[in-house]
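Please keep the sequence and the model in view while going through the points.

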Amino acid sequence: MKSKFLLIIVISSLLCSSCVSVKFLEPVDNHVVNPVEIESVQWNVTELSFASSKTYTSNFDDVDMDVIFTHSTGLEMRVPSFWENDSIWKVRFAPTLTGAWTYKTVCTDPQNTGLNNITGNLTCIPYTGNLDVYKHGFVKTTPSNRYFTYNDDTPFFYLGDTHWNFPANTFTNFSKIIDKRVGQGFTVIQTQPLGAKYNLSNGITHDDSLGFADLDRRFKYIADNGLVHSNSQLFWVGELSKNREKYTDAYLEKLCRYWVARYSAYPVMWTTAQECDNDFYAEWGDIYHFDVATNPWKLVADYINKYDPYKHPQTAHMEYVSYTNASNSSFKILKGHSWFAVQWAPSKIGPLDFNVPKDFWNNGQGKPAPNFEGLYDHLWTLEFGARMQGWTAYLNGMYGCGYGAADVWLYNSTYDMDQPTFRDNITISVSEKHMKWQESMELPSAYQMGYMHEFFNSIEWWSLIPRFDDTNWFSSNGSWYSLASKGNDLYVVYFYNNIDLNTGTLKNLANTQYSLQWFSPITGKYSATTTVTITNGLYIIGNKPDKMDWVLLMRIK
């Protein structure tokens, strides 16, 4: 190793991984330390620390350092570093391949012997734990593939819980919520850095780095529990449009590079601001809004993609579907854009507007389009509405959904809390809205999201094709429904009309025997299996078991 620095290696055991921390301390004479063989775990963070040999007026502004990791196969990954504090720069790297790696630092100040031209070796061993995101590798998108997969192409079931201001609660409370969501079957945590303990309007200072360290603990805890972190970058959407003169293009690029350096080595997806696709409701006309042409968040998305060595899935949080859908998305043309973060609150008291999911299916370039944000339980809907949104998404080709509950989606929120809500024949009182997170994380709807997850995992959900309102596949007799099928081998129909027992007639069935079960999305239980024989390609379903929402599962025996 070409270095004048004393090398200290600390190996610590984490919940999901082994993390190696290599720290370079102050120079010791001119002694050159021999290369150290670092052992790392595939898809897990290895953190290297380097001590600058020079002092700068602004450590954040005056110097950048990358570390180039090269695998024995020739694969090369250029990973940005970040200034941590004092004279320390760090790089976080998650090796994507097992085997031998080398690394070399490249600094914009070639005279800085602590940051430039430092070399070393790294050996990556396989992950042997039981967390899927490390067993199968980071989540990715594939062109023309409408669902997410892990790196090894295993399908990934997107079930997200929303924590917009996740730095605001205490870390102890935050970790309790994460633990609970893991047990309930969630796979994704959706966040905005609202309430983060830093101020980026005047550069990154030592105090800001402490705020980022607090954020680091939360990113790490999410990752250590095997969840994918669907995170937005930097700050609230209006901060950028309101203070554009402070966030020059060059400074914005530096901030995005810094974010990637700190967080890209975790299992993440990049979301971009709130409702910034396509113009943050520009027609509202106040100081926080922008138009499509001048949208500064497009730059954020471009910069994140530029520096991300893993090319994690990237999107932009969309406006409500009456404003923005796949057809008029202003982000889908960007190089890094690979999925849609849809905001859709389907009606719970009538037939679906199938034009919404059809638009993403037909005009979404074959990208995943989970219903990222619907109505939150105990804010704008209750138990029935929250679970209905999940089933509606998966059976209409959106292959993912975001969930939210009182005081978890936004800790200590005052937003829309002073008046009751009347929507879809559902009333949410002011007292219900003020439910605290300790109670809301136990809401039945959160467990029901897990039942939905278990149901879909029992079938090849990624093979389901939505049939929307195509009467060649189903005729309703007044029911409200969503239907998807795997050819004519398997049919899944969700009936959410909670005022009657109506269903309809399935079509295009094979003339053979099918097994039939009813599944309760409320209890997660199946009815006894019955056998039906099809002779004319049709099956008249008859009544639901009761007036609640139910799922019908039919498959060829």
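1. A charge is said to sit over a ring if NZ of Lys or CZ of Arg is within 6 Å of the ring centre and within 35 degrees of the ring normal. By that rule, the charged end of K254 sits over the ring of F60, at 5.2 Å from the ring's centre. R181 likewise places its charged end over the ring of F186, 5.4 Å from the centre.

2. The model is predicted, so to speak of local features requires pLDDT of at least 70 and side-chain atom pairs count only at pLDDT 80 or more, whereas totals for chains, interfaces and linings use all residues. Residues are numbered from 1 along each chain as its sequence is written, and side-chain values use heavy atoms, with hydrogens and water left out.

3. Rings of Phe, Tyr and Trp (its six-membered ring) pair if their centres lie within 6.5 Å; planes under 30 degrees apart count as stacked, over 60 as edge-to-face, and the rest as tilted. The count of aromatic pairs is 70. In one of them, F60 and Y251 have ring centres 6.3 Å apart and planes at 90°, so the pair is edge-to-face. Because F60 belongs to helix α1 (residues 59-62) and Y251 to helix α6 (residues 249-263), the pair ties together parts that are 191 residues apart in sequence. Helices (H or I, at least four residues) and strands (E, at least two) are DSSP runs, numbered from the N terminus. F60 and Y251 are both buried; this term means under 20% relative accessible area, with exposed over 50% and partly exposed in between (1.4 Å probe, protein chains only).

4. Side chains of opposite charge can pair when their charged atoms come close. A salt bridge is counted when a side-chain nitrogen of Lys or Arg is within 4 Å of a carboxyl oxygen of Asp or Glu. The model holds 26 salt bridges. One of them joins E47 and K90, at 3.2 Å from N to O. E47 is in strand β4 (residues 46-51) and K90 in strand β8 (residues 88-93), 43 residues apart. Are these two residues buried or exposed? E47 is buried, at 12% relative accessible area, and K90 is buried, at 15%. Both residues belong to a network of salt bridges that links E47, E84, K90, R92, D216 and R262.

5. Another salt bridge connects D153 with K140, their closest N and O atoms being 2.9 Å apart. D153 lies in the loop between β12 (149-150) and β13 (159-165) and K140 in strand β11, so the pair ties together parts 13 residues apart in sequence. D153 is partly exposed at 48% relative accessibility, and K140 is partly exposed at 23%.

6. A pocket is found on a 1 Å grid over the protein atoms alone, as an open set of points where a 1.4 Å probe fits, with protein on both sides within 12 Å along at least five of seven lines; lining residues have an atom within 4 Å of a point. The second largest pocket is lined by 28 residues, and K140, T141, Y310, K311 and H312 lie nearest its centre. Strands β6 (76-80) and β11 (139-140) each supply at least two residues of that lining.

7. The largest pocket also deserves a look. Its lining has 28 residues, of which E275, Q343, E373, W380 and Y415 lie nearest the centre.
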